[in-house]
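The sequence and the coordinates should be kept at hand while reading.

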Amino acid sequence: MSTQATVAGVQVDLRHWIGGERVASAETFEDVSPIDETVLAHVHSGGPGEIDRAVTAARSAFAAWASMPIGERAAILHRVADGIDARAEDLAQVETADNGALLRSHRRGVMPRVAMNFRHFADHLQTLGRPDGSIRGHRQRVTYDPAGVVAIITPWNAPLMLATWRIGPALAAGNTVVLKPPEWAPLTASLFADIAHEAGLPAGVLNVVQGTGVEAGAPLTAHPDINRLAFTGSVPTAGVISRAAAANIVPLSYELGGKSPLVVFADADFDLAVGLAVEQFDNSGQVCLGAFRILVEETIAYSFVEEVTRRTRDIVQGDPRDEKTDMSCLITRSHFEKVDGFVSRALEAGAKALVGGGPNAELGGLYYQPTVLVDAEPGSEILTEEVFGPVLTIQTFRTEEQAISMANDTRFGLAATLVTGDPVRAERVSSALVAGTVWVNCFFVRDLGAPFGGSGRSGIGREGGDWSFEFYSDIKNTVFSPEGWRTDTSTTGEHHG
Ligand code: NAD
C-alpha cells in the first residue's frame, strides 16, 4: 500500500499524522480529481482506532502546550504561517488538483488567508482579556483558560482555509487538535501537518486522521475525551453529529449551509449589482456564503436580468489551472448529479433557464454550466434548498417590505447582500435582514476579527476575534477577597514566625 503520492508535482504523504509521526491504516479510500476524474491517490482511511490514538496523543500534549508562555506559543504559530507562505505554491497546486477550484484564486486569495488564520489569532491572543474588576471590595479576574482537545471536521469546498480558520484560534487558545479532513479533498491537510511540524509545533498538538465521515468523523464526534467540536459542513450531517456530541455535553461551533439572498433595489448602482450577481459563480457556486437567491426590484428587473444573462454567457469555463478560466467543475459525480437533479426538477416544474440549465456538453466530465433560472415556483425546492452549485434564481419584488420578507423567507441565515444607493434604506433594510453577515454594496469582505457564523439552520455560535477565543476557552472568573492574607510576604510556604 502506498504511503506517498505525487500530485501536481508535489509529494504528499497519504497516512495520518498522529502524535508527531505518520501512522498507516489497513484500508484506503480513493481520492479523485474533479478536473478530469482521474484517481490522484489512495489515502489511508482511519476509523475508531486511529481516532482514539489521535485523541490520546492530543490529550498527552495538552498540558505542556496549554502552559507554554503565550509569547512562545504565538511565535510558533507565526512560524507555521511563514511555512504556509513558503509552500503556498505547492498548497495551491495540490488544492486545485484535489477540489477543482481555480488555481489563481488559491494563489492570490486562499493561501495568503490560510497563513493569516495563524498570524491573526497568534496576535489576538496577546491582547485577550481585560483589566481586573472589583466587586464589593474584592478583586475579580477573568481568564481565558485552554479548553482541552478540540475536534475539527471540515468540508471540501475550501479545505485548508476552513480547517485552519478553526485550527488557528484553537491552537492559539492553548488547545490541542484532532482534524478530520474531507474525504473528497484530503491532501492539503497532510501537507499542512508537515508544515506545522517543521515550524516546531510539538508532537501531538496537531493530529490529522484521514477517512470518511461515517468511519472517522463519527467516532471523533462521539469520543468521550474531546472538549470542543468545531464542525463545518451540511445541515443533515450537523444533525447526526449533534446527537453524538450531546451524550458527552461537548460545546459545539457549527458553520453550515445557506440560501442567502442578494437584494437589488432600483436605486442601486446597476453595474455593481450585476457584478455582484455574476460573482456568485465563484468556485462553481460551491460557496456556503453565496447569494444565489437574487431578489430584484420589478422596475429594473428586465434590464437587470438581461445584463446578468449576458455577463453569465461571457464566463469562461474550463480547466481550473488555466489563468483564463473563470469557472471550473463540480467536486464529484454524486454532487454533480445532485446539482443537476435540482435544476432538472425546477425546469420540469416550470422554471426557465435563461442561460445554462445543464451539464456543459462540450467540456463533459464534471463541468456544469453556469445557470440562471427565472419563474421558479414560489416555495419550490430550488428557492428554498441549498444547491451548492452554479445556479442563480432571480425573483422580483415591488416594495421594500416585500423584499425584506422574501429575503428572510428561509430557514437559513448565513449571509445577506443588499445593493442600494440610498444610505437610509441601507440602514433600515440591513437591520431587518436575518443573517450572521450582511454586506451592503459589497460581497465577501471579511475581517478575521469580526464575528462570523449563521442564524437559523446556518449554524450555532460565532467565531472570529474574541468570539473564537470564547468558544475555544474555558472562561474563568476568579474573585480575590481583600481579607485572609498573611502579613509576611514569604512565598516559600514556610512559616518563619
Ligand atoms: P458534509 O456535511 O457532507 O461533510 C462535512 C464533513 O463532515 C466531511 O469531513 C465529512 O467527512 C464529515 N462527516 C460526514 N458525515 C459525518 C458523520 N456522520 N459524523 C462525523 N462527520 C461526518 O458537507 P460537505 O458536502 O463536505 O460540505 C458542503 C456543506 O458545507 C454545504 O452545506 C456548505 O454550505 C457547508 N459549508 C459551510 C461553511 C460555513 O462557513 N458556514 C463553509 C463551507 C461549507
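## Ligand surroundings

A residue is taken to be near a molecule if one of its heavy atoms lies within 4 Å of it. The model discussed here is a predicted one. There are 28 residues around the ligand, and those that come nearest are Lys 180, Glu 183, Ser 234, Thr 237 and Glu 386.

Two of these names return when polar atoms are considered: the side chain of Ser 234 places an N or O atom 2.7 Å from an oxygen atom of the ligand, while Glu 386 has a polar side-chain atom 2.6 Å from a ligand oxygen atom.

The domain assignment divides the chain into domain 1, made up of residues 4-256 + 458-478, and domain 2, covering residues 261-440. Between the C-alpha centres of domain 1 and domain 2 the distance is 31 Å. At the interface, 20 residues of domain 1 are in contact with 28 residues of domain 2, and the area buried between the two domains is about 2100 Å², with carbon and sulfur atoms giving 54% of that area.

On the side of domain 1 that touches domain 2, the elements that give two or more residues are helix H3 (88-99) and helix H4 (103-125). Of the elements on this side, H4 gives the most, with 4 residues. Sorted by class, the side of domain 1 that touches domain 2 has 9 nonpolar, 5 polar and 6 charged residues.

## Salt bridges

Side chains of opposite charge can pair when their charged atoms come close. Between domain 1 and domain 2 the count is 4 salt bridges. Glu 37 forms a salt bridge with Arg 333, and the closest N and O atoms of this pair are 3.0 Å apart.

What is the count of salt bridges by this rule? The count comes to 31 salt bridges. One further pair is Arg 53 and Glu 21, whose side chains meet in a salt bridge at 3.3 Å, N to O. Because Arg 53 lies in helix H1 (residues 48-67) and Glu 21 in strand E4 (residues 21-23), this pair ties together parts that are 32 residues apart in sequence.

Notes: Residues numbered from 1 in each chain as written. Predicted model: local features only at pLDDT ≥ 70, side-chain atom pairs only at ≥ 80, totals over all residues. Heavy atoms only, no water. Domains from an automatic or database assignment. Contact = heavy atoms within 4.5 Å. Buried area = accessible area lost by both parts, 1.4 Å probe. Nonpolar A, V, L, I, M, F, W, Y, C, P; charged D, E, K, R; others polar. Polar contact = N/O pair within 3.5 Å; in protein donor to acceptor, adjacent residues only side chain to side chain.
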